[in-house]
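Please read them with the structure open beside you.

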Amino acid sequence: MKRFFKLTLLMIAVLLISGNQLYAALTSGEKYTITIQKVNSDGTASDYSATTATADSNGKLSFSLTGMPTDAEANFFVFIIKDKNGTVVRRGFVPAAHAGSTNLVGVNDLSTAQTNAILEAGKVLKSDDPIAIAYLITLLRSPGATSTDAQLLAALGADAITGNSGFEGFLTSNGVTAAQLLAFKKALIYNATPGKKTITDLTKGFKDAVDSGDATKATQEMSKAGGQMADVFMDAAEAAGIDPNLILAAHDAAGDVAENPTNAARMAQISSSVRTSLGQSMDSFFQRIAGVKVQSEYTNALNALKATGPQVDKFTSAVTTMLNSFAATESTYGEFFMNPTDYLSKHPGTTADQIRTAIDSEFRTNFETFQTNMASDTTTDITPMKAAVVAAMQKQMPNFNANYLPDDFGTYMKFSSSGQTKVNWPIPQTVMVTWLAKLISGGGTMDYTRDTLAIPTMMQEWMGVCTIPGKNQGNCTGMGMTWNGTACVSNQYFNMSSCQGSGNTWTVQRRTYNTPSAAFNAYQGIMDDMHIIEFSKFDIYNNGKQPTRQAEKDAKLLFQTRMNALAGKITGSPTAAEKKAMIKLLTQPNMD
């Protein structure tokens, strides 16, 4: 038994599965009616075509349709299969195909539940909005969702996606134009860039699940397809020219709306098992969409600063491994996503919280592995970078050699669940520093105007200078220390505690740097300012504070705004694209 839907040849063959149990839902020799409905722009669904087919000895239906509208005329179609008594046995949906292309879809219990939700959403929204539909199919992975669940989820989604404070309202309030928003919606249906994903990839996943003929593999395929929705959103954002960070912040905005009293009451009425599935689906979606953002942004920045082919390949391989690991985790717990109650009944003694903790732990481990995998290689990355830096310094100080570099240059302390270890810089930072060194060696220049954001309390222990009282310029420099014009700066004490403990004066301030290269002094100033911005982002959690979701969302946006502003403080040879890439590569990849 097979079921798929081609919008060019339009041959449909049907396999029905329910949850994890394959069963012959179609009766051999019985005639079934298949109705194709077009989802209209006002959210209603109208019959477009109908046909009948008789199930063969394997319970398979075969039939053909011609002349289906393309994505220029519609966003979605649903199809309804009824038995001889007029009872609906399954529903499915598919995006309209682009002219000359083919879309595939399979039908099972989950596609039926999702199609029910799509039709309910159309009634509430009075629209066939692809963003709302994409959200519904991202979150709803439980085939056990009832019609009441579908109605409640549709109403909740309407608020969270199309409301003034929701996903779409947030984007338009933060600089996204109407044209960009429309392009984003269209790219969810069809993306002209080869290799980019759309909702069509989800419906193809249904077909793969149905074709598998194996219950376990079918569940894995459905989890894989659901996980790909993060790629769909980020690929559509890229096609529309929307900052991916805004997409993540818009998801936060949608979450805020979903938690208001009205929608919290709706969520409470949704079936317990479905509600658990929704929560886990959203958590996993956020993990994957953050990973997809990292892959896209950093790959572009690496290429902008002329990373070598092996460096780009190693970084993208590290991200791909992480994303594949996320997918594997979702596959492992696929049945939990689809039906938490059934999953827990098959694993007595295990609670939903324990499973969620296990999933979160795997995601954290996957990210830590990513950090390890993207580390620069000593021979092929760090050593050439050091040589490039030495050559750059020799432009101003001919006798400069590698011995002048700090002993830990090219390394940092990595903190993880297993402790802290000294490791090589990540590839992005190595690429950026190598690029800067070559810029200087080639006669280029770079300067930077320091930021003025206040230094956060948690940084004041080590962000400052220690001055020794009672010294004049002569005896200060004679002792090998630095005279800053008014006081003698110690080169022995590098934090507040040791400085003040020795009877000296600690002044909280940005550091100044005195390498032979003004460009490298600027680079180190940029790094300090970035650290200040990053630590300021977490001020909202200081002293045990529990910030609201709105405060967290505002902090994320402010962080990105401040980071972007740093590029505008860079002057000299770098182009605008290179300045932006510098800031990106100096920012540690994160899943926030």
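**Notes on helix packing and aromatic pairs**

1. Of the 592 residues in the chain, 51% are buried, where buried means under 20% relative accessible area, exposed over 50% and partly exposed in between, with a 1.4 Å probe and protein chains only. This is a predicted model, in which local features need pLDDT of at least 70 and side-chain atom pairs count only at pLDDT 80 or more, while totals for chains, interfaces and linings use all residues. Residues are numbered from 1 along each chain as its sequence is written, and side-chain values use heavy atoms, with hydrogens and water left out.

2. The secondary structure comes to 22 helices and 17 strands, taken as DSSP runs numbered from the N terminus (helices are H or I with at least four residues, strands E with at least two). Among the contacts in the chain with a separation of 6 or more, 70% are between residues 24 or more positions apart, a contact being heavy atoms within 4.5 Å.

3. Helix α11 (residues 272–304) packs against helix α15 (residues 352–373) at an angle of about 5 degrees, with the axes 11 Å apart; axes are lines fitted to C-alpha atoms, for helices over the stretch in contact, and angles run from 0 to 180 degrees between N-to-C directions. That angle makes α11 roughly parallel to α15, since angles under 35 degrees count as roughly parallel, over 145 as roughly antiparallel, 65 to 115 as roughly perpendicular and the rest as oblique. The contact is formed by Thr276, Gln280, Ser284, Gln287 and Val294 on α11, and by Ala352, Arg356, Ile359, Phe363 and Phe370 on α15.

4. A search of the whole structure finds 19 aromatic pairs, that is, rings of Phe, Tyr and Trp (its six-membered ring) with centres within 6.5 Å, called stacked if the planes are under 30 degrees apart, edge-to-face if over 60 and tilted otherwise. The rings of Phe315 and Phe370 have centres 6.0 Å apart and planes at 70 degrees, so this pair is edge-to-face. Phe315 in helix α12 (residues 309–332) and Phe370 in helix α15 are 55 residues apart, and the pair thus links distant parts of the chain. Phe315 counts as buried at 0% relative accessibility, and Phe370 counts as buried at 1%.

5. Phe336 and Tyr343 form an edge-to-face pair, 5.7 Å centre to centre with 75 degrees between the planes, and both Phe336 and Tyr343 are buried. Elsewhere, Tyr135, Phe167, Phe184, Phe233 and Phe285 form one aromatic cluster.
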